[in-house]
Amino acid sequence: MSSRLDRARELTTAAGADVFLAARPSSVTWLSGYPVDIETGPSPYALSPLVLLEPDGSLVAIASEDDAPAFEELGCRVVSFPGFTIDALDPVGNTRRALRKAVAGRRVASEPGWLPAALAEGHEVADVTDDVVRARTIKDEDELDRIRTAIAVCDAGQRAAREHARPGVSELELWGAIRVALELAAGERIPALADLVTGPRTEHVGGPPSRRILEEGDLVICDLVPRVDGYWGDSCATIAVGEPKEMARRQWAASREALARGLDAIRPGISGHDLDALVRGALDYPHHTGHGIGGDFHEEPRIVAGSSTVLEPGMVVALEPACYGGGCGVRCEYVAVVTDDGCDVLSRHELEL
């Protein structure tokens, strides 16, 4: 299996370009290992960093002076521009000048949808967005290590959800306890997404935590998606607060059996379409059966009807079959990496009601 730098050089050559420019934040992470900040949103001081792959395989970061030391530690040469400053702010102009210096008139293969027009101006850019999406589906071992770490953080969050889900607690209070567990497991502040819905809200698939107070007999859908060191984890479990009702038991059994079918079927050669059909069966949930994870929390391979993507070793797949209706809903999710003859399940969190 070729490394991601080799794959990036191959797609650059195929596009007739001289250099590859990673513009999407997750592609910057994929190429360099640098976890681009996403939690605070666009900075008023500097644009998001870019990374250039040279023909000899070396990396050049186009980054603010604030980010430069971290890129240098990762082995990148840095063409820097001002970041936090007390002078006049010119994030676009600063980045544009640094990019022109780094590219030096060469033809660039890049992801134009993620490259601001003000930066693309004056450069010859070949669109290799789809090629990058395909190249990123196969994970290198260091990427898998980061995903394993993120999944372990998911597992810690799911344990906290079970510990703190009880009558009288609000969804927001429950989320607070889960968030603490996620960040303690990660050892730092991390971005995290969540579906955290309870009671009647579970019938409507998901949503952020609200002020709703948990009651005896409620179900809790807890879908946790933390990013650790630039790579995402994913997990989902449904928790019964007290004794689950018969409807919930039937829904849980159906979704759990569907997940088991899917995990047994994950192997090289099966398409996203066929895996979706096998897992979904007679269930009628209104969302994907699964998706890839990595630098983005949803990426190829997508496990949906019509998907022609064929699974290969090194792909990472999250499967999340579900059953909704009758005033409640159940969803369960595990993540697995495709191996030469099957898959290795990474998730370890409890799935029992």
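This is a predicted model: local features need pLDDT of at least 70, side-chain atom pairs count only at pLDDT 80 or more; totals for chains, interfaces and linings use all residues.
Colleague: How many helices and strands does the protein have?

Modeller: Both kinds of element are DSSP runs numbered from the N terminus, a helix being H or I over at least four residues and a strand being E over at least two. By this assignment, the secondary structure comes to 10 helices and 17 strands.

Colleague: What is the radius of gyration of the protein, and what does the globule rule give?

Modeller: The radius is taken over C-alpha atoms, and the globule rule is 2.2 Å times the number of residues to the power 0.38. The protein is as compact as a globular protein of its length, because its radius of gyration is close to the rule's value for 353 residues. The two values are 22 Å for the protein and 20 Å from the rule.

Colleague: What percentage of the residues is buried?

Modeller: A residue is buried under 20% relative accessible area, exposed over 50%, and partly exposed in between (1.4 Å probe, protein chains only). Of the 353 residues in the protein, the buried ones make up 55%.

Colleague: Which elements do the buried residues of helix α8 pack against?

Modeller: Helix α8 covers residues 171-186 and reaches 22 Å from its first C-alpha to its last, close to the 22 Å expected at 1.5 Å a residue; the expected span is 1.5 Å times one less than the number of residues. Its buried residues include Leu174, Trp175, Ile178 and Leu182. With contact meaning heavy atoms within 4.5 Å, the buried residues of α8 pack against α7 (141-164), β7 (192-198) and β8 (219-228).

Colleague: Which residue follows helix α4, and what is its phi?

Modeller: Helix α4 spans residues 91-103, and its buried residues include Ala98, Leu99 and Ala102. Among the elements that cover these buried residues are β1 (19-22), β2 (50-53) and α5 (117-120). The residue after α4 is Ala104, with a positive phi near 55°.

Colleague: Where is Val205 found, and what is its phi?

Modeller: Most residues other than glycine have a negative phi, and most peptide bonds are trans. Val205 is found in the loop between β7 and β8, and it is partly exposed, with a relative accessible area of 24%. Although Val205 is not a glycine, its phi is positive, at about 80°.

Colleague: What is the phi of Asp229?

Modeller: Asp229 lies in the loop between β8 and β9 (231-232). Its relative accessible area of 36% makes Asp229 partly exposed. Its phi is positive in a residue other than glycine, near 55°.

Colleague: Is the peptide bond from Glu300 to Pro301 cis or trans?

Modeller: Pro301 lies in strand β12, which covers residues 299-303. The bond that joins Glu300 to Pro301 has an omega near 5°, and is cis.

Colleague: Which residues are in contact with Ala322, leaving aside its neighbours within four places in sequence?

Modeller: Ala322 is found in strand β14 (residues 322-325). Its relative accessibility is 0%, so Ala322 counts as buried. Leaving aside neighbours within four places in sequence, the contacts of Ala322 are Ser255, Leu283, Tyr285, His287, Val330 and Arg331.

Colleague: Is Ser255 buried or exposed, and which residues is it in contact with?

Modeller: Ser255 has its place in helix α9 (residues 246-265), and it counts as buried at 0% relative accessibility. Neighbours within four places in sequence being left aside, Ser255 is in contact with Leu283, Pro321, Ala322, Cys323, Val330 and Cys332.

Colleague: What distance separates the C-alpha atoms of Met247 and Gly326?

Modeller: Met247 is found in helix α9 and is partly exposed, with a relative accessible area of 32%. Not counting residues up to four places away in sequence, Met247 touches Gly325, Gly326 and Cys328. Met247 and Gly326 are 79 residues apart along the chain, and their C-alpha atoms are separated by 7.5 Å.

Notes
Residues are numbered from 1 along each chain as its sequence is written. Side-chain values use heavy atoms; hydrogens and water are left out.
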